[in-house]
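Student: I would like to go through this model and ask what lies behind each label. Please set the values against the cut-offs.

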Amino acid sequence: MDLNKKYYPQSVHECILPSDLKARSRLARWVKDPSKLPNMVLFYGPKGTGKTTFAECLIDHLDLPKGYLDRWDAKGGFSRKMLDTIETRIRYRIDKDQKYVVFLDELKAETPTEIDFCEGLRSLYNIYCGKFNIHFIATTNYPEQIRAVGKGSVWDRFTVLPFESFDAQDVIGLLTNIAKQEGILASRDDISDYWEEYFPKLRLAIKDLDDLEE
Ligand SMILES: Nc1ncnc2c1ncn2[C@@H]1O[C@H](COP(=O)(O)OP(=O)(O)OP(=O)(O)O)[C@@H](O)[C@H]1O
Ligand SMILES: [Mg+2]
């Protein structure tokens, strides 16, 4: 049984937040009052630090009507063509009051087409974000690439939050709880040492939790 699947947070309230205090307080504020969510947010940090998980749970929490969420990721290839598709969808759906989310998972700006995409994103912000209730939620492993686009012009539009690592006590609590439910015999100290070994990769730590007993 894939433990990551089994223990995937059921709601935003079950998500482990990043250790960064500013990020924690911002995220908690948006959860409490979704009207405070900025038009463009970017979660950045290394692999497996909960960016996608938090974004998905937050979007779920927004309880958008069908058709008011579009999800795009690196597999589709961030390019001018994708940007045109996004804009067409925005124009089709746009509605003055209804919140509409465009989720850009694993954003990059390495190749010329990706850089082009990020530049175009800035134009979309300028055209739509002031007038409509549209929100871009993005994650990336490569903040320096996004920051370099157009000398920071798209970066400056984002509210940028670091997901460098999870809060350690929260992770140890979660792993202890999973171990207990799975009948894995391990003390809190064992789990604390185990997390030190896996830090900051929670996905891997959950996946290998069975090994703790061996
Ligand atoms: N309560 C929880 N809060 C956050 N993450 C959890 C929780 N429980 C389990 N996880 C797991 O932690 C992992 C977090 O990985 P996630 O894919 O969200 O990271 P990421 O930052 O998007 O990584 P990448 O940069 O590789 O895309 C997931 O496998 C998720 O299932
Ligand atoms: Mg991710």
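Student: Why is Asp 63 called exposed?

Tutor: Count C-beta atoms. A residue is buried if 20 or more other C-beta atoms lie within 10 Å of its own, exposed if 12 or fewer, and partly exposed in between, with C-beta atoms placed from the backbone. Asp 63 has 9 other C-beta atoms within 10 Å, so Asp 63 is exposed. This is a predicted model: local features need pLDDT of at least 70, side-chain atom pairs count only at pLDDT 80 or more, and totals for chains, interfaces and linings use all residues. Residues are numbered from 1 along each chain as its sequence is written, while chains are lettered from A and ligands numbered from 1 in the order in which they are written.

Student: Where does Asp 63 sit?

Tutor: Asp 63 is in the loop between H3 and strand S2 (69-73). Helices (H or I, at least four residues) and strands (E, at least two) are DSSP runs, numbered from the N terminus. The phi of Asp 63 is positive, about 55°, although Asp 63 is not a glycine.

Student: What makes Glu 106 partly exposed?

Tutor: Glu 106 has 17 other C-beta atoms within 10 Å, so Glu 106 counts as partly exposed. Glu 106 also has a positive phi, near 60°, and is a residue other than glycine. Its place is the loop between strand S3 (100-105) and helix H5 (112-129).

Student: Why is Leu 121 called buried?

Tutor: Because 26 other C-beta atoms lie within 10 Å of Leu 121, the residue is buried. Leu 121 belongs to helix H5.

Student: What is the handedness of the crossing of H4 and H5?

Tutor: H4 passes H5 in a right-handed crossing. A crossing is left-handed if the near helix is turned anticlockwise from the far one by less than a right angle, and right-handed if clockwise.

Student: Why are H7 and H8 called oblique?

Tutor: Helix H7 (residues 168-182) and H8 pack at an angle of about 120°, with their axes 9 Å apart. That angle makes H7 and H8 oblique to each other. Their crossing is right-handed.

Student: What makes Ile 178 partly exposed?

Tutor: Ile 178 has 18 C-beta neighbours inside 10 Å, so Ile 178 counts as partly exposed. Ile 178 is found in helix H7. Thr 159 is 19 residues away along the chain, and the two C-alpha atoms are separated by 33 Å.

Student: How far apart in space are Asp 70 and Arg 89?

Tutor: Asp 70 and Arg 89 are 8.5 Å apart, C-alpha to C-alpha, and 19 residues apart in sequence. Asp 70 is in strand S2. Asp 70 has 15 other C-beta atoms within 10 Å, so Asp 70 is partly exposed.

Student: What makes Ala 23 partly exposed?

Tutor: Ala 23 has 19 C-beta neighbours inside 10 Å, so Ala 23 counts as partly exposed. Ala 23 lies in helix H2 (residues 21-32). Val 160 is 137 residues away along the chain, yet the C-alpha atoms are separated by 8.7 Å.

Student: Which peptide bond is cis, with omega near 0°?

Tutor: The bond from Phe 199 to Pro 200. Pro 200 is in the loop between helix H8 (188-198) and H9.

Student: Which residues come nearest to ligand 1?

Tutor: Lys 47, Lys 51, Thr 52, Thr 53 and Arg 203 come nearest, of the 22 residues around ligand 1. A residue is near a molecule if its C-beta atom, placed from the backbone, lies within 6 Å of it. Helix H3 (51-62) and helix H9 (202-207) are the elements that give two or more residues to this shell.

Conventions:
Axes are lines fitted to C-alpha atoms, for helices over the stretch in contact, and angles run from 0 to 180 degrees between N-to-C directions. Angles under 35 degrees count as roughly parallel, over 145 as roughly antiparallel, 65 to 115 as roughly perpendicular and the rest as oblique.
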